[in-house]
Amino acid sequence: MNILHKKDGKTIKISNSVTSFEYKSVDDSINGAVIELSGRYPSEGRVFNEECKELSFVIKGSGRVVVEGKEYRFSENDQILINPNEKYYWEGVATLFISCAPAWKPEQHKKTT
């Protein structure tokens, strides 16, 4: 069992529209972060993760996620699963908890048009 307290985490500005509060992963098989979305991410194009499944839970707010060209509207208490290599972008104003399995690493996360 592991517990990480708020003091163990850090806030990272990912882009103009995304701020992440995350913890150093203690288990390479899974991790999570709280994301504040305020606009479109990425600002243009799409992103994908080569290895991780990304499970998102909408804590508050609403918006849309476009995955492989299909638009999905989301709001509070919705859950979204994005599979590895699915190209997507987010747009909205929301607080999300995102868990990745295996644990998210920057080198897995790619941008495309």
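## Salt bridges in the model

A salt bridge is a side-chain nitrogen of Lys or Arg within 4 Å of a carboxyl oxygen of Asp or Glu. Side chains of opposite charge can pair when their charged atoms come close. In this structure, which is a predicted model, local features need pLDDT of at least 70 and side-chain atom pairs count only at pLDDT 80 or more, while totals for chains, interfaces and linings use all residues. Residues are numbered from 1 along each chain as its sequence is written, and side-chain values use heavy atoms, with hydrogens and water left out.

Searching the whole structure gives four salt bridges.

## Lys-7 and Asp-8

One of the salt bridges links Lys-7 to Asp-8, with 3.4 Å between the closest N and O atoms. Exposure is described here by relative accessible area: buried is under 20%, exposed is over 50%, and partly exposed is in between (1.4 Å probe, protein chains only). Lys-7 is exposed, at 69% relative accessibility. Asp-8 has a relative accessible area of 35% and is partly exposed.

## The network around Glu-71

Glu-71 forms a salt bridge with Arg-64, at 2.6 Å from N to O. Glu-71 also forms a salt bridge with Arg-73, where the closest N and O atoms are 3.0 Å apart. Salt bridges with shared partners connect Arg-64, Glu-71, Arg-73 and Glu-91 in one network.

Which of these residues are buried or exposed? Arg-64 is buried, with a relative accessible area of 18%, whereas Arg-73 is exposed at 62% relative accessibility. Glu-71 is partly exposed, at 37%.
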